[in-house]
Structures are given as C-alpha cells and as structure tokens.
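Colleague: Please pick one part of this model and take me through it closely. Then connect it to the rest, in short sentences.

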Amino acid sequence: MSNAAQNLYDAGLSTKSRVSGQKLSIRAQGRFIRPLSAHIEGFSGRFAQQNKKIRLNRVDKGTLSTRCLYDALHARYGELHWWPADSPYEMMVGAVLTQNTAWGNVGRAIANFGDRLNPAFVLQAELAALAEIIRPAGFFNQKAAYLKALTQWYARYDFDVPTVRREPLPRLRAELLATRGIGKETADSILLYAFGFPSFVVDAYTSRLCARLSLPAGNGYDAIQAYFTERLPVDAALYNQFHALIVIHAKTHCRKRPLCGDCPLGESCERKGV
Ligand code: SF4
C-alpha cells in the first residue's frame, strides 16, 4: 500500500508535474509551506545547486546524519512544495481515500464529488450515497464512514483551520487517532499538510530508506519518527520538505528494486538488504 503522502505526491506528478525517466519537473504550488534553506541549524545550502553524487559525512557514531541526508536529497530534488490539494479539507479527504489504493483511484473519487467536496455535504450525505461517490477509491463503505468520522471531528473546530491551529498538537493528534479509520500516518499527514503542525510523517518509504542506509532508527512508526524528530528542529516546513524528499527519492531511486546508479546517497549507502 502506498501511504497517504506518497500517493498525493503521485497526484502532484500527474496533475502538476512531469516525470521523464529519472528527470523530474515539479511546478511549485506555494501552499502551506515556506522556504526551507534556514530551517536546519547550520544548513549551508552548499549542495543546493549541485546535482551529482555527494560524498556524505558519517557522524553520530558512524551513521549518516539527518542533516547530511537532508542536504543530499534537497540538492538533488530541490523544493517540492507539497501538498497537491486545493484546500485543507480536500487534503484531509485525500489522506483517507488514499489508504490502500493508488492515487489514480483517489483522483477519480475526488472528481466524483464535483463541487460538493466540502464538510457540510459529507456530513449530511447518506452513507450509501457517499460510498457511491468514493467507490473508485476502494473500500468505499469503510472509507465513507471514515470520512464522516473525520468530518465530525473537524466540526468540533467549525471547519476552521485557524481554530484547529490554536489547539495543542498532542491533543489534536490524540483526537485524530481516536477517530475511526485514522492511523498514525494519516493523522500526521493531516496535521502536517492540512494544518501545518510539526508532525513528522513516517511511511514505508521512510522505513526502507532507513534500513538500507543502516540508520539506527529502530523499527516501527514511533521509533522512526522519534529518530528524526530528536535530530531535527521542530519545524513544520522542514518536516514537510523532508518527508517529500524521502518519498520522491524512494520513487525515483530507492524503489523496491533500487536504482542505485546515480543515487545521490550512493557514496554513503550501505545498501543493506539490497
Ligand atoms: S544507493 Fe541504492 S539502496 Fe542506497 S539509498 Fe540509493 S537507491 Fe537506495
């Protein structure tokens, strides 16, 4: 299964950008984020204009530092400007719909809403009617219920982003995790990409990259999330870009069958398990 963020990244590719072989062209959208170059303390931007193999310094008891990892990926892929949705609510809906399905199916489901993709419609719609709209996304009966539950959560805050943002992150995350159909990855994706909270998103790509690089991130969502957040400034824009970089890298180079040639991390990667 692709995770929510990577699938919405796919949406960005299909609607906003173009992939040709290993070359990637992304049109900046400029929503929800701001420039990143100063977000990591000591970030020099020295690799920013380079697009070649970089020998990365290994620090932290022999492991690749998160800063070097970020630098190398940023140098290769640049600013990615996630998330490709027209509104925070559409992003929330997409994050649910993309569970266990490819983005193309989500796109068709979202298109079925037409101009009805808003919280009021989802709340008042009959469950069966809502399920029919989102049928292309698969698991449509479950997901219809999930969308209603998520929208009921959003109703507590009057469907208002600033109202949500006034609440503490731990409380919001706990509320989302208590909402039907919302797991950690979906909750963090919503908090980060819809509301701009510093909630680092972990997905299967993150786990795979950590393993192949032999980063001591441990296993499981919480351990890997902690590995990054303990080494990075608390910064939503940084988390936004870092996760996007990991996803694009996993899709262009560090695939299930990796394409290690010309990999920006190739000089330092242990290729564990490859
Ligand atoms: S060298 Fe290969 S295994 Fe290592 S990060 Fe690059 S693509 Fe992945």
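Modeller: The axes of H11 and helix H13 (residues 236-252) come within 9 Å and cross at roughly 75°. That makes H11 roughly perpendicular to H13. This is a predicted model, so local features need pLDDT of at least 70 and side-chain atom pairs count only at pLDDT 80 or more, while totals for chains, interfaces and linings use all residues. Residues are numbered from 1 along each chain as its sequence is written.

Some terms first. Helices (H or I, at least four residues) and strands (E, at least two) are DSSP runs, numbered from the N terminus. Axes are lines fitted to C-alpha atoms, for helices over the stretch in contact, and angles between N-to-C directions run from 0 to 180 degrees. Angles under 35 degrees count as roughly parallel, over 145 as roughly antiparallel, 65 to 115 as roughly perpendicular and the rest as oblique.

Which residues in H11 meet H13? They are Tyr205, Thr206, Arg208 and Leu209. On the H13 side the partners are Ile246, Val247, His249 and Ala250. Contact here means that two C-beta atoms, placed from the backbone, lie within 7 Å. By class, the contact of H11 with H13 has 5 nonpolar, 2 polar and 1 charged residues. Nonpolar covers Ala, Val, Leu, Ile, Met, Phe, Trp, Tyr, Cys and Pro; charged covers Asp, Glu, Lys and Arg; the others, Gly among them, count as polar.

Ser214 lies in the loop between helix H11 (204-213) and helix H12 (221-229). Its phi is positive, about 60°, although Ser214 is not a glycine. Most residues other than glycine have a negative phi. Ser214 is partly exposed, with 17 other C-beta atoms within 10 Å. The cut-offs are these: buried takes 20 or more other C-beta atoms within 10 Å of the residue's own, exposed takes 12 or fewer, partly exposed is in between, and C-beta atoms are placed from the backbone.

Now the ligand. The residues around the ligand are Arg212, His253, Cys254, Pro258, Leu259, Cys260, Cys263, Leu265, Gly266, Cys269, Arg271 and Val274. A residue is near a molecule or strand if its C-beta atom, placed from the backbone, lies within 6 Å of it. This shell divides into 8 nonpolar, 2 polar and 2 charged residues.

The axes of helix H3 (residues 88-97) and helix H4 (residues 103-113) come within 10 Å and cross at roughly 135°. H3 and H4 are therefore oblique to each other. Their crossing is right-handed. Right-handed means that the near helix is turned clockwise from the far one by less than a right angle, left-handed anticlockwise. From H3, the residues Glu90, Val93, Gly94 and Leu97 meet Val106, Ala109 and Ile110 in H4. By class, this contact of H3 with H4 has 5 nonpolar, 1 polar and 1 charged residues.

H3 has 8 of its 10 residues buried, so it is largely enclosed by the rest of the structure. Those buried residues are Pro88, Met91, Met92, Val93, Gly94, Ala95, Val96 and Leu97.

Helix H10 (residues 184-194) is mostly covered, with 10 of its 11 residues buried. One of the buried residues is Ile190. Ile190 has 29 other C-beta atoms within 10 Å, which means that it is buried. What does Ile190 touch, leaving out residues up to four places away in sequence? The partners are Met92, Ala95, Leu176 and Phe195. Ile190 and Val96 are 94 residues apart in sequence and 9.4 Å apart in space, C-alpha to C-alpha. Just after H10, Gly196 takes a positive phi of about 75°.

Two phenylalanines are worth a look. Phe139 sits in the loop between helix H6 (127-133) and helix H7 (140-155). Phi of Phe139 is near 45°, a positive value in a residue other than glycine. Phe139 has 16 C-beta neighbours inside 10 Å, so it counts as partly exposed. Phe121 is in helix H5 (residues 119-124).

Last, the whole chain. The chain has 13 helices and 4 strands. Of its 274 residues, 43% count as buried. Among contacts between residues at least 6 apart in sequence, 71% join residues at least 24 apart.
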